[in-house]
Amino acid sequence: MKPKTNLPYALEYRYYNLPVDFPIFALLGSRWMLPDDDITFLHFHNCLEIGYCYEGSGYLLVEDQKLDFSAGDISVVYQNTVHRSASTKGTRSWWEYLYIDTERILADFFPGGFPHHEFFLLQTLGLNNIIKKGQNPFIHMLVKNILEEMRLEKDNYKDCVRGLCLSLFIELIRENSQNETDSFQSSHLYLSIMPAISHIDKNYMLPLKIQELADLCQMSPTHFRRLFQASMHTSPLEYLNRVRIRRSCILLHNTEKSILEISLEVGFSSISSYNRQFQRVIGTSPLRWRNNSRSMHKKDYAYSVFDF
């Protein structure tokens, strides 16, 4: 893993409208060649992205980390995770991608709710975003089998893909629980604060208090803060602000609501507080980000799901 990078990037939100009856979409074929352009902006989207690299090499930016990839590697980018990738200069790498609505897939198997669904909603670092060739042969087999089923579309392929996805989800959870050198990946830590993470994700627009979040996890506020910092590498308040800012990016990109309306809708008490936090997290003002995100949409059109 490369050292963290502090380069400023613009940010773009992408909403992938997956089919209602089968919430999985595959980008297949040799046309999905990743260019070697300099990365000037990152994006995040509303679903899980799984990529398989057939040829070439390059790097993946995830939040503020830079990860190398090469042929045979798998990329795993979770919902609402800021990222983008590029090939090694002077080359192009060939990928195929899966976009999956994990909540709707899991609902088919667990009508009452998947016990670890929040795992796929985490919005910070610590997960294995690049699974190297040979690192986990079972995950590689599952991803390639899903891609092949989507490519051939044999009888009952949708049912087959759903089953393979369930196996893949469970294996990803196992993979990210095995490395005990990173406190985030220690399951007893992040599962202990998962009630608070889930509550923030659903109620970010409300005036949440530390005591309330700590009570959900059955901890004292002091213990909760300490475990949250150890697990998420950020404070509960910072995490809440990041969630609010990212939700605001969705509204900035997709609606004509005013900056004031959006700031209040996502939970900020004043537009000045919103502007200050937006500038700190994104590196520019909400208005400038809105204008830039809409102009960049067409620039990257050939390399996004919007090509369909």
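A: Asn-156 is exposed, because its relative accessible area is 61% and exposed means over 50%, whereas buried means under 20% and partly exposed lies in between (1.4 Å probe, protein chains only). This is a predicted model, in which local features need pLDDT of at least 70, side-chain atom pairs count only at pLDDT 80 or more, and totals for chains, interfaces and linings use all residues. Residues are numbered from 1 along each chain as its sequence is written, and side-chain values use heavy atoms, with hydrogens and water left out.

Asn-156 sits in the loop between helix 2 (137-152) and helix 3 (157-178), where helices (H or I, at least four residues) and strands (E, at least two) are DSSP runs numbered from the N terminus. Although Asn-156 is not a glycine, its phi is positive, at about 60 degrees. Most residues other than glycine have a negative phi. Gln-218 likewise is not a glycine and has a positive phi of about 60 degrees; Gln-218 is placed in the loop between helix 6 (210-216) and helix 7 (221-232), and with a relative accessible area of 76% it is exposed.

Another loop residue is Asp-64, between strand 6 (57-62) and strand 7 (65-70). Asp-64 has a relative accessible area of 29% and so counts as partly exposed, and its C-alpha atom is separated by 8.6 Å from that of Val-82, 18 residues apart along the chain.

Of its 308 residues, 55% count as buried. Where contact means heavy atoms within 4.5 Å, 76% of the contacts between residues at least 6 apart in sequence join residues at least 24 apart.

Two of the helices give an example of such packing in detail. The axes of helix 5 (residues 194-203) and helix 8 (residues 236-254) come within 10 Å and cross at roughly 35 degrees; axes here are lines fitted to C-alpha atoms, for helices over the stretch in contact, and angles run from 0 to 180 degrees between N-to-C directions. Ile-197, Ile-200 and Asp-201 of helix 5 make the contact with Tyr-239, Leu-240, Val-243 and Arg-247 of helix 8.

Among the side chains, the structure holds 12 aromatic pairs; rings of Phe, Tyr and Trp (its six-membered ring) pair if their centres lie within 6.5 Å, and planes under 30 degrees apart count as stacked, over 60 as edge-to-face and the rest as tilted. Tyr-52 and Tyr-54 are edge-to-face, because their ring centres are 4.8 Å apart and their planes stand at 70 degrees. Tyr-52 is buried at a relative accessible area of 9%, while Tyr-54 is partly exposed at 27%. The pair of Tyr-274 and Phe-278 is also edge-to-face, since the centres of their rings are 5.7 Å apart and the planes are at 65 degrees. Both residues lie in helix 10 (residues 271-282), four residues apart, which is about one turn of the helix. Tyr-274 counts as buried at 0% relative accessibility, and Phe-278 is buried with a relative accessible area of 0%. Elsewhere, Tyr-16, Phe-69, Trp-95, Tyr-97 and Tyr-99 form one aromatic cluster.
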